[in-house]
Amino acid sequence: MSFNNKIIWITGASSGIGEALTYELNQQGAKLIISSRRKETLEQVKNNCSNPSDIHIVTLDLAKTDELPSKAEEAISHWGHVDYLFNNGGISQRSNAIDTNLDVIRTVMEINFFGSVALTKAVLPSMIERESGHIVITSSVMGKFGTRLRSSYAASKHALHGYFDSLRQEVYDKNIKISLVCPGFIKTNVTKNALEGDGSKHNKMGKGQEHGMPADEFARKLIPKINRGKEEIYIGGSEIWAVYLKRFFPRLLNKMLRKVKVT
Ligand SMILES: NC(=O)c1ccc[n+]([C@@H]2O[C@H](COP(=O)([O-])OP(=O)(O)OC[C@H]3O[C@@H](n4cnc5c(N)ncnc54)[C@H](OP(=O)(O)O)[C@@H]3O)[C@@H](O)[C@H]2O)c1
């Protein structure tokens with residue numbers, strides 16, 4: 001098993017995709033650092049694992065970028081290094097652009113973009129020194145096109161592509177891989193946790209997520225693709241086709257999206 005004894009740091013591990021990745025990678029023999037804001041929930045995730053002694057918890061808030069270098073020191077020093085950094089933690093948004101306060105847009109950018117970038121910058125020097133490492137970023141199909149109600153979310157995910165596509169070229173010679181993962185609809189609480197225009201919690205399950213792919217199935221599909229070092233990965237249902245429509249028939253996609261009911 002290729003992840004056996006690999007040291008993997010996963011953010012957003014208290015729920016959804018990150019939680020499912022934690023269970024799957026723990027089963028495959030990886031040593032994990034799991035992170036998010038909620039310590040007690042991370043403890044529960046750790047206790048649900050088949051090998052809890054292979055799990056170390058580092059709590060962090062991705063919006064508090066000043067604190068992330070010391071969190072990275074803590075994570076790196078626990079097992080000695082980090083082979084994989086999964087920048088997975090994130091937050092969504094459900095509001096028309098006109099109704100979305102600027103501070104809400106900044107919060108979404110701060111968590112999804114600056115949080116992942118700050119953590120990467122804190123881990124990267126140790127990967128460069130070892131000439132080995134793999135950075136995985138959970139973007140979204142919203143990193144490839146936009147729809148109504150998700151302007152800030154789509155912006156934050158598009159920004160990740162620009163940043164990490166550039167970084168991939170800079171660190172290629174240092175044997176560091178970058179994989180951008182674009183999930184479609186995955187059955188998690190992402191829509192419930194999304195921010196509305198005034199910053200309040202949306203608290204409703206999205207229709208797409210309700211009927212989406214289970215997170216454990218997503219994790220099982222993702223891991224072999226990461227193992228192969230794929231640079232960009234799309235996993236989900238028929239919504240994935242929109243990525244190809246955007247690439248080859250963008251006007252057609254825009255026309256279709258104008259008619260689709262988005263939640
Ligand atoms: N589910 C989907 O359909 C879908 C589709 C495309 C992309 N994605 C992306 O997948 C990733 C995981 O989302 P999910 O679907 O698993 O949703 P989720 O169940 O809501 O999980 C989000 C995770 O991010 C963490 N998080 C949120 N804000 C944070 C902050 N300020 N600091 C640290 N951690 C924070 C949460 O932990 P705490 O609350 O404990 O901090 C939680 O562990 C996100 O980047 C999301 O954009 C999801």
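Which is arginine 168, buried or exposed, and what is its relative accessibility?

A: Arginine 168 counts as buried, because its relative accessibility is 12%. Buried means under 20% relative accessible area, exposed means over 50%, and partly exposed lies in between, with a 1.4 Å probe and protein chains only. The model is predicted, so local features need pLDDT of at least 70 and side-chain atom pairs count only at pLDDT 80 or more, while totals for chains, interfaces and linings use all residues. Residues are numbered from 1 along each chain as its sequence is written, and side-chain values use heavy atoms, with hydrogens and water left out.

The partner of arginine 168 comes next. The side chains of arginine 168 and aspartate 165 meet in a salt bridge, 2.9 Å from N to O. A salt bridge is a side-chain nitrogen of Lys or Arg within 4 Å of a carboxyl oxygen of Asp or Glu. Side chains of opposite charge can pair when their charged atoms come close. Aspartate 165 is partly exposed, because its relative accessible area is 28%. Aspartate 165 and arginine 168 are three residues apart in helix H5, which means that about one helical turn separates them. Helices (H or I, at least four residues) and strands (E, at least two) are DSSP runs, numbered from the N terminus.

Helix H5 spans residues 151-171, and histidine 161 is also placed in this helix. With a relative accessible area of 5%, histidine 161 is buried. Leaving out residues up to four places away in sequence, histidine 161 touches Ser139, Ser140, Gly143, Lys144, Leu180, Cys182 and Glu232; contact means heavy atoms within 4.5 Å.

Phi of asparagine 175 is near 65°, a positive value in a residue other than glycine. Most residues other than glycine have a negative phi, and most peptide bonds are trans. Asparagine 175 counts as partly exposed at 43% relative accessibility.

H5 and H1 each supply at least two residues of the shell around the ligand. That shell has 30 residues, and the closest are Ser14, Ser15, Arg37, Tyr153 and Thr188; a residue is near a molecule or strand if one of its heavy atoms lies within 4 Å of it. Serine 36 has a polar side-chain atom 2.8 Å from an oxygen atom of the ligand. For glutamine 209, a polar side-chain atom is likewise 2.8 Å from a ligand oxygen. Glycine 12 uses a polar backbone atom, at 3.1 Å from an oxygen atom of the ligand. On its own the ligand has 880 Å² of accessible area, and the protein covers 96% of it. Accessible areas come from the Shrake-Rupley method with a 1.4 Å probe, and for residues only the protein chains shown count as cover.

Helix H1, which covers residues 16-27, holds asparagine 26. At 0% relative accessibility, asparagine 26 counts as buried. A polar atom of its side chain lies 3.2 Å from the backbone nitrogen of serine 50. A polar contact is a pair of N or O atoms within 3.5 Å; within protein, one must be able to donate a hydrogen and the other to accept it, and residues adjacent in sequence count only if both atoms are side-chain atoms. Neighbours within four places in sequence aside, the residues in contact with asparagine 26 include Leu32, Cys49 and Asp54.

Aspartate 54 leads back to charged pairs. Its side chain meets that of lysine 31 in a salt bridge, 3.4 Å from N to O. This pair links distant parts of the chain, 23 residues apart: lysine 31 is in strand S2 (residues 31-35), and aspartate 54 is in the loop between helix H2 (39-48) and strand S3 (55-57). Aspartate 54 is buried at a relative accessible area of 15%, while lysine 31 counts as partly exposed at 22%.

One further pair is glutamate 217 and lysine 221, whose closest N and O atoms are 2.9 Å apart in a salt bridge. They are four residues apart in helix H7 (residues 215-227), so about one helical turn lies between them. Glutamate 217 counts as partly exposed at 27% relative accessibility, and lysine 221 counts as partly exposed at 37%. The structure holds eight salt bridges, and the pair of aspartate 165 and arginine 168 is one of them.
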